[in-house]
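Subject: Structure handover

Hello,

Here is the structure for you to look at. My notes follow below it.

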Amino acid sequence: MADKKQQLIKIGLLGLGTVGGGVYKTILNNFDVIRTRTGCEVTVSRVLVRDLEKERQLDVDGSLLTLEPEDLIGDASIDIFIEVMGGIEPAKTIILDVLRSGRHVITANKELLAKHGAELLEVAEENGVHLLFEASVAGGIPIIRLLQGYLTANRVDGISGILNGTCNYILTKMAKTGRDYSEILEEAKLLGYAEADPTSDVEGYDAAYKLAILANLAYDVQVETANIERQGISQLSSADVKAAKRLGYTIKLVGAAAKEQEGVRLSVRPRLLPDDHPLARVDDVFNAVTVQADVVGDLTFIGRGAGELPTASAVVEDLTALLTGGDAIRRPSWHRRLEESASGAEGGEPGGLYLSAAFDERECTERAERLEAALFTQGGFVAKSERLPLGDGKILQSWLLGGVSETQVRQEWQKQVQNAPQAPTLLFLPVEGPLEPGVEWIATTGSSYHERNWTLDSQVL
Ligand SMILES: NC(=O)c1ccc[n+]([C@@H]2O[C@H](COP(=O)([O-])OP(=O)(O)OC[C@H]3O[C@@H](n4cnc5c(N)ncnc54)[C@H](OP(=O)(O)O)[C@@H]3O)[C@@H](O)[C@H]2O)c1
């Protein structure tokens with residue numbers, strides 16, 4: 001962009017919903033601070049919406065609104081476009097048209113970035129303009145700036161983050177109140193923390209889009225979101241959250257990228273984090289991201305991951321970055337396809353496992369001991385275990401297991417229950433950090449058994 005000092009910068013705003021409204025307000029309310037720091041007077045000159053009649057909680061001049069993308073794209077006086085409409089189309093086509101017309105685009109659209117980012121960035125580069133997307137991951141947290149603009153001399157060994165505020169709100173409330181997932185989900189909807197259709201959030205799709213974007217930047221690759229191992233939170237019971245607590249862990253939905261010898265392992269899964277882990281203490285709708293880099297070590301950012309103003313902050317910071325240093329912004333390179341970790345497809349990720357199942361009271365001990373003994377013969381060990389009565393003649397038996405893979409446990413379980421009509425379903429969650437054997441095993445003739453005093457929580461859930 002030519003010297004824009006002391007110039008009027010006109011913005012084309014694509015969308016005026018939660019984020020668009022926040023962007024509009026921020027540009028208006030922080031006009032002076034933006035002018036002082038960038039030397040530019042920024043105004044929103046046109047706004048694309050879907051419904052002109054819609055009642056808006058925003059004082060906006062109705063003559064700025066239009067239903068026609070061409071009213072913005074065809075207006076040569078608009079310098080920079082901000083896309084906050086969401087979805088793939090028409091957002092993608094509009095962004096491509098704008099980039100081809102030689103103008104910068106800022107977007108908050110994680111789904112579009114995760115699915116078509118490589119193509120959009122290529123077109124931006126071909127046309128000598130930028131596509132910036134700070135708001136697409138973790139709202140107000142400047143994690144894109146960190147990976148794109150700062151960590152250029154470090155190799156990233158891993159990323160782990162709480163990337164979805166809806167899930168974090170639900171899990172926090174489950175842990176603090178002992179209430180069920182579905183009850184808290186309904187409450188989250190009423191509070192505006194969950195969509196009417198919460199699938200994208202609670203099943204981990206939203207976090208997978210964000211993880212893909214972070215991995216693209218950290219490893220200069222193009223990640224297929226469909227290939228990210230994904231497990232949502234909808235199968236978690238309050239008993240599991242409580243059992244994890246008693247074992248010394250907090251369950252969080254974590255997006256994780258880990259550099260391995262032959263590629264990068266990517267997953268979005270509920271994980272057991274030790275209670276003193278930095279991410280375990282990030283509660284409610286907050287997001288957090290830890291980046292492990294080879295020179296600087298660990299960096300952790302915590303902040304508001306969504307909402308009108310935190311997200312608008314990220315969008316407008318992209319805008320001021322363009323106004324102050326557009327040419328210096330590093331272009332991400334997403335053309336190389338990600339080599340997926342060879343081990344990813346097979347036994348699941350290495351490390352500890354949380355395993356639980358709801359057994360009938362009368363068969364719990366027998367089944368649990370048979371499974372433990374079988375896993376022991378495969379090199380596995382139990383670090384800790386817990387039992388919680390579920391109040392309906394069932395017991396939640398949970399284990400922290402080491403030395404065996406998820407696949408091994410599943411295979412063993414299949415052998416044991418192949419003829420059982422109503423075998424309990426197993427829940428598997430990865431456990432962060434090292435585990436050590438905590439249960440004494442004593443070999444007996446014919447098979448292996450251990451000794452233990454099972455204790456039952458007297459409080460019925
Ligand atoms: N909400 C958050 O906290 C948050 C956080 C980070 C990222 N994001 C991302 O930001 C983007 C916007 O999210 P949001 O929550 O602000 O969405 P939203 O409240 O639903 O607003 C979408 C806006 O875009 C307009 N729009 C949608 N489709 C359109 C179309 N086909 N033609 C013209 N206008 C259209 C809508 O017009 P009408 O007003 O006329 O309906 C509305 O103003 C999404 O990509 C989202 O993933 C959101």
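By class, the shell around the ligand is made up of 10 nonpolar, 9 polar and 4 charged residues. Here Ala, Val, Leu, Ile, Met, Phe, Trp, Tyr, Cys and Pro count as nonpolar, Asp, Glu, Lys and Arg as charged, and the others, Gly among them, as polar. The shell has 23 residues, and the closest to the ligand are Gly15, Gly17, Val49, Gly86 and Ala306; a residue belongs to it if its C-beta atom, placed from the backbone, lies within 6 Å of the molecule. Helix 1 (residues 18-29) gives the most to this shell, with 3 residues. Helices (H or I, at least four residues) and strands (E, at least two) are DSSP runs, numbered from the N terminus.

This is a predicted model: local features need pLDDT of at least 70 and side-chain atom pairs count only at pLDDT 80 or more, while totals for chains, interfaces and linings use all residues. Residues are numbered from 1 along each chain as its sequence is written.

On the annotated spans: an unreviewed UniProt entry lists residues 15-134 as "domain: Aspartate/homoserine dehydrogenase NAD-binding". That span is 43% helix and 17% strand, with its end C-alpha atoms 17 Å apart. The unreviewed entry also lists residues 142-319 as "domain: Homoserine dehydrogenase catalytic". Residues 142-319 are 40% helix and 28% strand, and the end C-alpha atoms lie 13 Å apart. UniProt positions are in the numbering used here, feature names are shortened, and annotations may be inferred rather than shown by experiment.

The axes of helix 6 (residues 143-150) and helix 10 (residues 205-219) come within 9 Å and cross at roughly 20 degrees. Helix 6 is therefore roughly parallel to helix 10 (under 35 degrees; over 145 is roughly antiparallel, 65 to 115 roughly perpendicular, the rest oblique). Axes are lines fitted to C-alpha atoms over the stretch in contact, with angles from 0 to 180 degrees between N-to-C directions. Ile143, Ile144, Leu147 and Gln148 of helix 6 meet Leu214, Leu217 and Ala218 of helix 10, where contact means C-beta atoms, placed from the backbone, within 7 Å. By class, this contact has 6 nonpolar, 1 polar and no charged residues.

Helix 7 (residues 165-177) and helix 8 (residues 181-190) have axes that come within 9 Å and cross at roughly 130 degrees, so the two are oblique to each other. Thr166, Tyr169, Ile170, Lys173 and Met174 of helix 7 and Tyr181, Ile184, Leu185 and Ala188 of helix 8 make the contact. By class, the contact has 7 nonpolar, 1 polar and 1 charged residues.

Regards

Note on methods. Two residues are in contact if their C-beta atoms, placed from the backbone, lie within 7 Å.
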